Amino acid sequence: MGQKVHPIGIRLGITKDWTSKWYADSKTYPHHVYTDHLIRSFLKKRLSQASVSRIQIERPAKKAHIQSTRHDPVSSSARKARTSKSCGLMFRA
């Protein structure tokens, strides 16, 4: 049997980008991971009918920038992805 490799983990940094971009020390790292999970689960429930394909979270300082990408069902033949500019949500660390 061959070696099994995770399909996203092998492509990170090459063809795919990280879904979360932030840096945290060892004290705040678990909190950031937990809040990322809460944000993603909230948005997936809230935007379940909007066909969101990817949610990216960036934390430059004490703010969070959340960007959601969805595929337009009207022009499915063109497969154009639309990105929302801002969700209007503010989360504090």
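**Fold, pocket and aromatic pair of a predicted model**

At 57% relative accessibility, Lys-44 is exposed; by this scale, exposed means over 50% relative accessible area, buried under 20% and partly exposed in between (1.4 Å probe, protein chains only). The model is predicted, so local features need pLDDT of at least 70 and side-chain atom pairs count only at pLDDT 80 or more, while totals for chains, interfaces and linings use all residues. Residues are numbered from 1 along each chain as its sequence is written, and side-chain values use heavy atoms, with hydrogens and water left out.

The protein has one helix and four strands. Helices (H or I, at least four residues) and strands (E, at least two) are DSSP runs, numbered from the N terminus. Along the sequence the pattern reads β-α-β-β-β. Of the 93 residues, 17% are buried.

Strand 1 (residues 20-21) and strand 2 (residues 52-58) run parallel and are joined by two bridges. Strands pair if DSSP finds at least two bridges between them. Ser-20 has Ile-57 in strand 2 as its bridge partner. Together with helix 1 (residues 29-46), strands 1 and 2 make a left-handed β-α-β unit. A crossover is right-handed if, with the strands pointing away from the viewer, the path from the first strand over the helix to the second runs clockwise.

Lys-44 lies in helix 1. Lys-44 and Arg-54 are 10 residues apart in sequence, and their C-alpha atoms are 9.6 Å apart in space.

Arg-54 also lines the largest pocket, as do Ile-8, Leu-12, Lys-16, Asp-17, Trp-18, Thr-19 and Ser-20. A pocket is an open set of points on a 1 Å grid over the protein atoms alone, where a 1.4 Å probe fits, with protein on both sides within 12 Å along at least five of seven lines; lining residues have an atom within 4 Å of a point. The largest pocket holds about 220 Å³ of space. Its lining has three nonpolar, two polar and three charged residues.

One aromatic pair is present. Trp-22 and Tyr-29 form this tilted pair, with 5.5 Å between centres and 50° between planes. Rings pair if their centres lie within 6.5 Å; planes under 30 degrees apart count as stacked, over 60 as edge-to-face and the rest as tilted. Trp-22 is partly exposed at 22% relative accessible area. Tyr-29 is partly exposed at 46%.

Conventions: Grid points are joined across faces, edges and corners, and a volume is the space filled by probe spheres set on the points. Ala, Val, Leu, Ile, Met, Phe, Trp, Tyr, Cys and Pro count as nonpolar, Asp, Glu, Lys and Arg as charged, and the others, Gly among them, as polar. Rings of Phe, Tyr and Trp (its six-membered ring) pair if their centres lie within 6.5 Å; planes under 30 degrees apart count as stacked, over 60 as edge-to-face and the rest as tilted.
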